[in-house]
Amino acid sequence: MSGSTHVKAKALGDTKILQGAIRDSFRKLDPRTMVKNPVMFVVEVGALVTTLQWARDLTQHASGTGFGLQISLWLWFTVLFANFAEAMAEGRGKAQADTLRKARTETSARRLKKDGCAETVPSSALRAGDLVMVAAGEFIPGDGEVVVGVASVDESAITGESAPVIREAGGDRSAVTGGTRVLSDEIQVCITSNPGETFLDRMIKLVEGAARQKTPNEIALNILLAGLTIIFLLAVVTLQPYAVYSGAPQNVFVLVSLLVCLIPTTIGGLLSAIGIAGMDRMIQKNVIAMSGRAVEAAGDVDVLLLDKTGTITLGNREATRLHPAPGVNESELANAAQLASLADETPEGRSIVVLVKEKYGLRGRELAAMNPTFVPFSAQTRMSGVDLDGQEIRKGATDAIAKYVATHGAAVPQETKEIVQAIAGAGGTPLLVARNRRVLGAIQLEDIVKGGLRERFDHLRAMGIRTVMITGDNPLTAAAIARQAGLDDFLAEAKPEDKMALIRSEQTKGKLVAMTGDGTNDAPALAQADVGVAMNTGTQAAKEAGNMVDLDSNPTKLIEIVEIGKQLLITRGALTTFSVANDVAKYFAIIPAMFAAAFPQLNVLNVMHLRTPQSAILSAVIFNALIIIALIPLALRGVRYRPVGAAALLRRNLLIYGVGGVVAPFIGIKLIDVLVSFLRWA
Amino acid sequence: MTPNGWFQIGFYLLVILAITKPLGVFMARVFNRERTFLDPVLRPVERLIYRATGVEESREMAWTEYATAVMLFSGVSLLLLYLLERVQKWLPWNPEGLGNVAPDLAWNTAVSFTTNTNWQAYTPETTMSYLTQMAGLAYHNFASAAVGIALAIAVIRGISRQESKTLGNFWVDLTRCLLWVLLPISLAAALVLVSQGAVQNLKAYTTVTLVEPQTVQVTGADGKTTTQVVREQRIAQGPTASQEAIKMYGTNGGGFFNANSAHPFENPTPFSNFLQMVLIFAIPAALTYTLGRMTRSPGHGWAVWGAMAFLFLCGVTVAYWAEARGNPLLAQASQAAKSAPVPQVGNMEGKEVRFGIAASALFATITTDASCGAVNSVHDSFTPLGGMVPLINIMLGEIVFGGVGSGLYGMIVFVVLAVFIAGLMVGRTPEYLGKKIEAFDVKMAMLFVLVGSFTILAFSAVSVVEKFGLAGITNPGPHGLSQILYAYTSATGNNGSAFAGIGANTLWYNSSLGVAMLLGRFFMAIPVLAIAGSLAAKKVTPESLGTFQVRGPLFTTLLVSTIVIVGSLTFFPVLSLAPILEHLLMYAGKVF
């Protein structure tokens, strides 16, 4: 999908975003903004306290103000780095929003008055329910439905897909989006949204992060982090009385340093960046999630409902083989099949013509000379064909042809019956061809399963996700396709209400269901599903019912959506674990440093052999600040998801982020200590 | 350390392992109201109780109602004990004619026994009449244990039920726990203890003539020291064995005598000592199996058991090692004095020679892993690191098997936290046995942890800088800090054991420790009950390959790490100023 990368990932090093992010990290120091993030707010207050203390020391000409200054500076850096992470995540969205905004530029619209005359008004004056005319070369002034006409529309501004799409009145291809351009013909559009509420507006808000609300998991995680912060605040505040009792009272720089090192600043500083980056990754995949909640829910999905057509199979069935009846020449059958299909404009009909041409070298003939009478397909006969030169050629479903030949006392030969059954059993669709009420043989129609799907479904199974195919086919055919594509289950002969019932029954079992859909009759199911992905080519109703829109209108995108959802949750969990595990090393750095002056024996706890108490504390604070910067790329990119099952995934991530989280700071703080001593900072 | 010592520890754990399943299954059946072999006898009694008290057996309670019932029951029981203590002088079964208990001590004791703490700021044989011991203290030993178990069962129901508003009926759980779980075994255990030599009578104290008169120095009120010869001793006795059994089995720990399980009338033989230790862990260990059974995931129960057993072994190993190693200064001193070499027996200060180092270290670990608090040696006299083990055990929240009921529900809080922190790493909303862990559950779990650490750290901090707190300390330096810290840790953890050096029978300690005990019991139990209520109402997501597993060694490891990091990091700074510093100073030649 090279064309769909319009809302492409901006490189991390994009200088413009970088500059904006640096500016924003200072702007975000505003305590009214900071207070929304309790962990970093505590750091900011800590930084303020140490700065004031340093200023007081300075005016009183106290000694050792260099240490106080360095601690204060690094605490401010800690806050700024966290702000920078958030600003970077937002910056990427903002850049995308700017591009989108260009598509939203004010255009004029030709609004139809009640008397049918058109008046020119600015697009911002349009309200839901207005009718507008849009001709070739004009921009569609707002979201709406085509009510009259058909036109080709360039939607690249939204989807990045440069090939024009057809939009026509009625049916499932009637939705148009404001900001897209009509390339040919003229259409009449009924506007469906007010200014500021259009799809484009919503998309801009979403990518900018303006409409971002905390997701349920994020709220719960925030409570955990706030709780840990309070507990460590308590531990540090009560440490002073114990220190006083022990005859080793501590100064404010040391206490604040200990506090900041213990509270989970790493995850606290990166949490909102992770969330924004998750939304951003969706957008990079050309999926617009209406809420962060939907992205998160995608990670929890247990069941994927997939429509067969277009998702699992390539559009329509194709003829793949001819099976002549006993005593019938194969080319005779081919000839009849071709004649019967020449006027058949259905994809199946065309595929028969193509097969015969390619396999039997029979080219289409000039039929006019033969004075043909085409018999179109009808629901009553369930056959189509042609009458020419006294020949009556028919093709159709097995039972329809059987009934047709039976009127002449003929029957379907036993061998052919067996072949027909074999075809159906293998998931194909058999058609019979008859000439002059004699069965010539069978045509095998098959669904072509898209390449590479089996592996993807295997991945999903390893994730613990069940895939269910929904099809209007009979159970036999459905089973065969499900087997071929490697699906877990199928729902055959499905009507729209069956889809709904299936979603409900899975949900009452406690499962989360995801599905894709595009038609108006999919809307209720899309609304019922926990993750409903509407195709951008779909109707307005479908788009509004779902909680995501896939701009590429690619039904298999659901798999990527699930992966992004999982990645988002994993990244949060991994960094939380890392952050909490970090505390062990920080204790061993700071506690001996605090009390080694009064009790040199406590230096045995200085397992890292940090040079001086001041250097130890400073190194821990510096490590604590730098680790935020070091992890920004991971937070924005997300921890890779591997479909290996929960146990293996947990083992791996616990090893990397849990054990790694315990070990890494021992090494990091030691290295920083060496550097700090070398630079004579402390 | 000796092979015999290690054998005692290993054999003990094996016995606990053997008890876990049968008792766990039995309790699951009792609380599921399924048939048990005791039904023919106990069912009629149960029905009678309900008829008399008007309890509707089949009525279910929401978590709020359950919590209210717990509070009401405990509140009324607390008042009754307070009253009994205050009027015991005028009541029967007081052959020694002991007076009424002072108000602050009566309050402290009433709270202490209601909360299953059994912190004793008094000397029982000179303070409590037989009636108070039997009808007041022993009653609470049963009742407070039953409340704890009922709470744990309600929490288990919360995990196992789905889309349910209720957690069971507190009155029914309480009654069934008393009749089926506590009474029969206590009765049997009391008889076994009597067979070992524990006393059981209502006699007045006996005065005996000493075979060998003792000369003691007594400091009078005027500060003058005089020498006296003691020729007689009064031997305290009473209905001990009956109280002893439930003291251990209900993880209460309040001794009938001041010397607690070091007293030969309470704990006469090595066998009775072993039995007492087994009784402590019996219910807490078995409840893990009850958890696994009632939630239909035995593997989870065993994973929790595994985490508990691991932490238990860590604790007992350190305690045994530290005590067996003894005080290095003693060996140095004997060398310096060029006297005959002192045999290296380890630290025997404050230990019963009948039990020795291994059984004392083991007992100290068990009694603090659980919220028992019975002691067969003086924790205050342990080496610094040996004494740190009981301290840390209680600080972790007494979840290493833990108190009856409270150990399990405390552990479940850590399970919730472990699942939440690491569960995200499998790429799903964290689930505990199919229940999603959401904001409310995390909030309550954090509240639980916060109440515990706040109570311990804040009260201790005030006590170490204020005169009224410092007055209780009997040793200076880091050991004094340990004494205060241990007192509030023990009270908050509802343990009841003490670094006995501390003089805690003062207005400040009696009242503040009383508050700590109440906070540690009810303000920690209510958040857990709230989690249970919230879990009960949730849907269960069926297990799949993508589901976070709460069983197996990986989960056990995760759970242990969460307990160690979240549970102990808060206390590490103060520990480094107390036992750790004391240990390091001891090796530098300085003792307190």
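## The antiparallel sheet of chain A

In strand S17(A), Leu445(A) is the bridge partner of Ala319(A). Strand S12(A) and strand S17 (residues 438-446) of chain A run antiparallel and are joined by 6 bridges; two strands count as paired if DSSP finds at least two bridges between them. Strands (E, at least two residues) and helices (H or I, at least four) are DSSP runs numbered from the N terminus. This is a predicted model, in which local features need pLDDT of at least 70 and side-chain atom pairs count only at pLDDT 80 or more, while totals for chains, interfaces and linings use all residues. Residues are numbered from 1 along each chain as its sequence is written, chains are lettered from A and ligands numbered from 1 in the order in which they are written, and side-chain values use heavy atoms, with hydrogens and water left out.

These strands belong to an open sheet of 6 strands with antiparallel pairing, in the order S12-S17-S16-S15-S14-S13 (chain A). Strand S12 (318-324) and strand S13 (373-375) of chain A stand at the edges with a single partner strand each, so one side of each has no neighbour in the sheet. From one strand to the next, the twist averages 20 degrees. Helix H13 (residues 398-406) of chain A packs on the sheet, and its direction makes about 145 degrees with that of S15(A). Helix H14 (residues 414-425) of chain A also packs on the sheet, touching S12, S16 and S17 of chain A. Axes for such angles are lines fitted to C-alpha atoms, for helices over the stretch in contact, and the angles run from 0 to 180 degrees between N-to-C directions.

## The mixed sheet of chain A

Chain A also holds an open sheet of 7 strands with mixed pairing, ordered S10-S22-S21-S20-S11-S18-S19. Its edges are strand S10 (287-289) and strand S19 (489-491) of chain A, each with a single partner strand, so one side of each is left without a neighbour in the sheet.

Within this sheet, strand S21 (residues 531-535) and strand S22 (residues 548-550) of chain A pair in the parallel sense over 3 bridges. In S22(A), Met548(A) is the bridge partner of Val533(A). Helix H16 (residues 475-485) of chain A packs on the sheet and touches strand S18 (466-470) and S19 of chain A.

## The nonpolar core

A nonpolar core is a set of buried Ala, Val, Leu, Ile, Met, Phe, Trp, Tyr and Cys residues joined through side-chain atoms within 4.5 Å. Buried means under 20% relative accessible area, exposed over 50%, and partly exposed in between (1.4 Å probe, protein chains only). In the largest core, of 324 residues, Leu182(B) and Tyr432(B) touch the most other members. Helix H20 (residues 557-595) of chain A gives the most to this core, with 20 residues.

Beyond four places in sequence, the contacts of Leu182(B) (heavy atoms within 4.5 Å) include Phe142(B), Ile149(B), Tyr249(B) and Ile283(B).

His140(B) lies in helix H6 (residues 130-160) of chain B and counts as buried at 2% relative accessibility. Among the residues that His140(B) touches, leaving out those up to four places away in sequence, are Ser77(B), Phe113(B) and Asn252(B).

Helix H9 (residues 270-294) of chain B is largely enclosed by the rest of the structure, because 22 of its 25 residues are buried. H9(B) has a kink of about 35 degrees at Ala282(B), shortly before the proline Pro284(B); the bend is the angle between axes fitted to the seven residues ending at a residue and the seven starting there. Arg296(B), with a positive phi near 55 degrees, follows H9(B).
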